[in-house]
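Thanks for taking a look at this one with me. Here are a few notes on its charged side chains, to read alongside the model.

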Amino acid sequence: MFFQHVYDKSLAQASYFIGCQKAGVAAVIDAKRDVDTYLEIAKQNNMKITHILETHIHADFLAGSRELAALTGADMYLSDEGGEGWEYEFPHIGLKDGQKIKLGNLILEVVHTPGHTPESISFLLTDTPASDEPVMLFTGDFVFVGDIGRPDLLEKAAGVVGTADAGALQMYQSVQKFNKLPDFIQVWPGHGAGSACGKSLGSVPSTTVGYEKVRNWAFQYKHDEKGFVKYLLTDQPEPPKYFAMMKHLNKVDRPLLTAVPKLRKLNQIELTEALAKGIKLIDARDKSEFSKGFIPGSINIQGNNSFATWAGWFLTYEEPFMILAPESQLDDLTRKLMRIGLDNIYGYIPSTETYTGNLDQSHFISLEELKALKGDPNVQIVDLRGAAEFNAGHIEGADNVFVGTMVNNLDKISKDKKVVIHCQGGDRASIGYSLLIKNGYTNVLNYSPGMNEWVNEGNPVIA
């Protein structure tokens, strides 16, 4: 058996390349959209990709199954569980609970594990030359390291009312099914720490059935269905805005993108005309560089592992947009964007030098300055973190406006008072600062060290 774990840090998303070396055939589970990674693995190991599998209709990334199928001719094996409304709307080989897929000397058994979504399935792998016992379970968004998949995404992100409670009850039953598996089976989940598909995912790549029975909170409610449901639905993070579009695009037929696109470099005239048309400019520089001088109206989304997630909050799938980033970073950023289907890139500029107007600068305040302003009736402190973070502990008197939905809640931020914004460590505050300036605010101060410094210096918090 050949096995390779492929991990995308930007979305905390795992995919898997599994092959039978004797037969020279391979399968890919939950492929990311820039599929050249799998083609290269197949080439290096003299294998042919013949099977493409998905654990469910994903909400957090645009699956590359169809791109990979178009390039390799492999068959797609997708869930036919879940009932009406949960079917893939393009040709595939449908899978039901208990079916077995033969891949050379390997066998993948389908296990229906609903809860995260009604059609979710897991794959139980047996390496037949080695043993008749299964060795691995690919759980998708069912069981993670230390957590399980959230059942509320369909309701919160896609607006499918009433699915959160129903999904939680399904998840309880799926957990009981998992509980009956042998302890020695390796568990390879679809996500790690940083994913919004759960609230406390572990950062190690894999686990075992036995270890999760001991350490995972979900297996401590064996006879308490109500307690399980309540805990599962409490304090889940805000689902990114783009999740609804991912759920749609992964279900229906759509245009394919089988190669990483090359971006067009814009000149000064093209940039000026684009800005005049209202085309958004995403400045992917580090927040410290951005603060020293930025193009008015640009949005600072740093080109780190969270780049695609935040871009998905502030860009739509219909509008073109531009990127400010050095050429050396373009391939990485383009891949991150295409993984969530943001393909409508108008072009890029390598630096602010392309812009001929005056640059803006960020205005920061220190901890001591914040303390002096705190309590002033003409000052509003705005905490840009998520609701669960805010509720766990915040600065007394602060208002909570989550940065992801801030543009839709500008009525909660004063244009008359002096506004101090902060988050946990500064990244989200830099996004928020750029968005407020873009929307005409001139009274914003950024307390960039955020709650990290506030707490570390022994200052009180309100829960």
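1. Let's begin with E84, which is exposed, with a relative accessible area of 77% (exposed means over 50% relative accessible area, buried under 20%, and partly exposed in between, with a 1.4 Å probe and protein chains only). E84 sits in the loop between β5 (75-79) and β6 (93-95); helices (H or I, at least four residues) and strands (E, at least two) are DSSP runs, numbered from the N terminus.

2. A word on the source: this is a predicted model, in which local features need pLDDT of at least 70 and side-chain atom pairs count only at pLDDT 80 or more, while totals for chains, interfaces and linings use all residues. Residues are numbered from 1 along each chain as its sequence is written, and side-chain values use heavy atoms, with hydrogens and water left out.

3. E84 also belongs to a negative surface patch, together with D80, E87 and E89. Patches are made of residues with over 30% relative accessible area and no salt bridge, with like charges joined within 9 Å and nonpolar side chains (Val, Leu, Ile, Met, Phe, Trp, Tyr) within 5 Å.

4. Where is D147 found? D147 is in the loop between β10 (136-140) and α3 (153-156). D147 is buried yet has no salt bridge, and the nearest side chain of opposite charge, K199, is 6.6 Å away. Beyond its neighbours within four places in sequence, D147 has contacts that include K199, E212 and W217 (contact means heavy atoms within 4.5 Å).

5. The model has 22 salt bridges, each a side-chain nitrogen of Lys or Arg within 4 Å of a carboxyl oxygen of Asp or Glu. In one of them, R339 meets D8 at 2.7 Å, N to O. Since R339 lies in the loop between α11 (327-338) and β16 (345-349) and D8 in strand β1 (residues 2-8), the pair ties together parts 331 residues apart in sequence. R339 counts as buried at 10% relative accessibility, and D8 does at 6%.

6. R339 also has a salt bridge to D34 (2.8 Å, N to O). That pair links parts 305 residues apart, with D34 in the loop between β3 (25-29) and α1 (36-44). Both R339 and D34 are buried. A network of salt bridges links D8, K32, D34, D36, D331, R335 and R339.

7. Finally, please look at R254 and E67, whose salt bridge has its closest N and O atoms 2.8 Å apart. R254 lies in the loop between α7 (243-249) and α8 (268-276) and E67 in helix α2 (residues 65-72), so this pair ties together parts 187 residues apart in sequence. R254 and E67 are both buried.

Note on methods
Accessible areas come from the Shrake-Rupley method with a 1.4 Å probe; for residues, only the protein chains shown count as cover. Lys and Arg count as positive and Asp and Glu as negative; His and the chain ends are not counted. The place of a charge is taken as NZ of Lys, CZ of Arg, CG of Asp or CD of Glu.
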